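Q: Can you walk me through this one? Start with the overall layout, then the details.

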Amino acid sequence: MKTASIPSLRVDPELRAAAESVLKEGETLSAFVENSLRAQIDHRRAHAEFIARGMVAREEAKRTGVYYSADEVVNELKEMLAAKIASKKN
């Protein structure tokens with residue numbers, strides 16, 4: 001597959017300097033920008049999927065009339081975490 005270019009980006013010298021200041025050894029600014037772009041794409045996709053799951057859950061709650069309080073959810077998550085930690089110790 002052929003590669004494509006991303007449009008060049010004009011930024012303040014301070015932003016460029018900040019980006020260059022966090023580059024890993026041997027990392028180029030281009031590689032940093034590409035990795036940042038990929039990470040932002042992944043984040044936005046995950047966010048959209050999260051919202052979609054929430055909307056489905058809301059519709060299911062409306063349909064069934066079954067709702068859970070924040071305390072119930074947090075307690076269940078704590079129990080799941082405790083069980084996972086306990087299983088790793090064994």
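Q: What pattern does the chain follow, read along the sequence?
A: Along the sequence the pattern is α-α-α. There are 3 helices and 0 strands; helices (H or I, at least four residues) and strands (E, at least two) are DSSP runs, numbered from the N terminus.

Q: Where do these coordinates come from?
A: This is a predicted model, in which local features need pLDDT of at least 70, side-chain atom pairs count only at pLDDT 80 or more, and totals for chains, interfaces and linings use all residues. Residues are numbered from 1 along each chain as its sequence is written, and side-chain values use heavy atoms, with hydrogens and water left out.

Q: What is the radius of gyration of the chain, next to that of a compact globule?
A: The chain has 22 Å, while a compact globule of 90 residues would have a value near 12 Å. The radius is taken over C-alpha atoms, and the globule rule is 2.2 Å times the number of residues to the power 0.38.

Q: And how much of the chain is buried?
A: Buried residues are 2% of the 90. Buried means under 20% relative accessible area, exposed over 50%, and partly exposed in between (1.4 Å probe, protein chains only).

Q: Take S5. Buried or exposed?
A: S5 counts as exposed because its relative accessibility is 71%. S5 lies in the segment before α1, which covers 13–21.

Q: New topic: how many salt bridges does the structure hold?
A: It holds 5 salt bridges. A salt bridge is a side-chain nitrogen of Lys or Arg within 4 Å of a carboxyl oxygen of Asp or Glu.

Q: Why would such side chains pair at all?
A: Side chains of opposite charge can pair when their charged atoms come close.

Q: Which side chain does R16 meet?
A: R16 meets E20 in a salt bridge, at 2.8 Å from N to O. Both lie in helix α1, 4 residues apart, about one turn of the helix. R16 counts as partly exposed because its relative accessibility is 46%.

Q: What about α2?
A: In helix α2 (residues 29–64), R38 and E34 are 4 residues apart, and their side chains meet in a salt bridge of 2.7 Å, N to O. K62 and E59 also lie in helix α2, 3 residues apart. Their salt bridge is 3.9 Å, N to O.

Q: Which residues are linked in a network of salt bridges?
A: R58, E59 and K62 are linked that way.
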